[in-house]
Amino acid sequence: MQPAYKSADSTLGWEYRLDAQGAFVQVSPACESVSGYSEEEFLADPKLMERIVHPDDRSRFVVHAEHSHATDKAGEGEIEFRIVARDGTERWIAHTCTAMTDADGHYLGRAACNIDVSRYKLVEETLLRLNRELIAGRECARATLRATDEQKLLRDVCRIICNSGGYLMAWIGVVERDEGKTIRPIAWSGVEDGYLGSAIITWADSERGRGPTGTAARTAKAVVLDDYASDPTGQPWRARAFQRGYRSSIAVPLRTAEDDVFAVLTIYADRAHAFTRRTVGLLEELAEDLGFGIVSLRARSARRPA
């Protein structure tokens with residue numbers, strides 16, 4: 001069911017006035033376009049603004065509000081926080097408030113303006129994330145060029161992806177050609193906490209082979225699991241994933257020059273829908289370089305005895 005109000009635009013906002021006790025005395029109609037709540041609802045409920053602030057930002061907002069409404073604070077106050085709109089969506093708000101006084105300087109309340117800056121926040125977050133991934137890709141390329149030991153290289157790549165890329169966990173598994181079509185973890189970094197020991201991942205076309213890692217090994221293509229809470233392919237690992245904070249993941253195959261998949265790189269993020277199209281492209285490039293580097297390293301190692 002669609003919400004009865006328009007989606008918030010990046011420049012859309014609403015104004016309101018509070019009396020000296022912090023109760024709403026005037027609210028502009030635009031409040032409903034951003035929050036989904038009408039001006040009548042705000043006027044009837046002095047705590048509505050506080051209640052719709054995101055739980056993670058609420059204590060910060062309350063401190064700001066108490067500071068702003070103190071009668072001896074006549075300046076301006078600014079803060080950014082998230083609200084949870086009536087339809088459940090999260091929106092970033094840039095909030096500015098100014099004290100109102102009468103001709104004798106007596107405090108009357110506050111005038112506030114809320115601007116929906118969600119689009120700007122999304123762009124900012126995307127740029128920061130891409131920058132982290134570019135840095136991680138560059139560091140992985142350098143590690144590949146300097147590598148003399150395959151196992152150390154794989155550990156270094158997983159560590160770089162977590163530390164520089166900002167991801168929760170990364171691991172690399174070898175695609176075994178055994179009867180069970182096993183994917184055997186050989187390197188990892190980040191918040192693993194025993195996850196791989198009980199994951200039992202295969203690349204067979206079975207329940208434990210239809211997750212991102214098994215599918216990437218079987219199809220030789222990058223596979224994204226956007227949300228462990230709703231994607232049925234993540235069900236066998238959902239409970240253990242939630243325990244460690246995993247919310248989404250991507251698996252990228254490592255291939256030989258003949259395009260045979262010999263390993264898979266799997267990465268976990270602490271938020272749903274973390275892997276955008278641009279992110280997938282960057283990680284595919286990283287995996288291609290890493291696969292080439294490993295094949296070259298093996299060839300150099302094979303030539304040494306000769």
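Strands β1 (residues 13-19) and β2 (residues 24-27) run antiparallel and are joined by 3 bridges. Two strands count as paired if DSSP finds at least two bridges between them. Helices (H or I, at least four residues) and strands (E, at least two) are DSSP runs, numbered from the N terminus. Y16 has V27 of β2 as its bridge partner. The hairpin of β1 and β2 has 4 residues between the strands, and G22 takes a positive phi near 90° there.

This is a predicted model, in which local features need pLDDT of at least 70 and side-chain atom pairs count only at pLDDT 80 or more, while totals for chains, interfaces and linings use all residues. Residues are numbered from 1 along each chain as its sequence is written, and side-chain values use heavy atoms, with hydrogens and water left out.

The protein has a mean pLDDT (the predictor's confidence in each residue, from 0 to 100) of 85, and 91% of its residues reach 70 or more. Residues 1-11 have a pLDDT below 50, and beyond near neighbours in sequence this stretch has 26 contacts in the model. A contact means heavy atoms within 4.5 Å.

The structure holds 13 salt bridges. A salt bridge is a side-chain nitrogen of Lys or Arg within 4 Å of a carboxyl oxygen of Asp or Glu. Side chains of opposite charge can pair when their charged atoms come close.

| Pair | Distance, N to O |
|---|---|
| K47 and E50 | 3.5 Å |
| D57 and R60 | 3.5 Å |
| E150 and R298 | 2.9 Å |

D57 and R60, by contrast, both lie in helix α4 (residues 55-68), 3 residues apart, which is about one turn of the helix. D57 and R60 are also linked with R82 in a network of salt bridges.

Accessibility is given as relative accessible area: buried means under 20%, exposed over 50%, and partly exposed in between (1.4 Å probe, protein chains only). K47 is exposed at 51%, and E50 is partly exposed at 26%.
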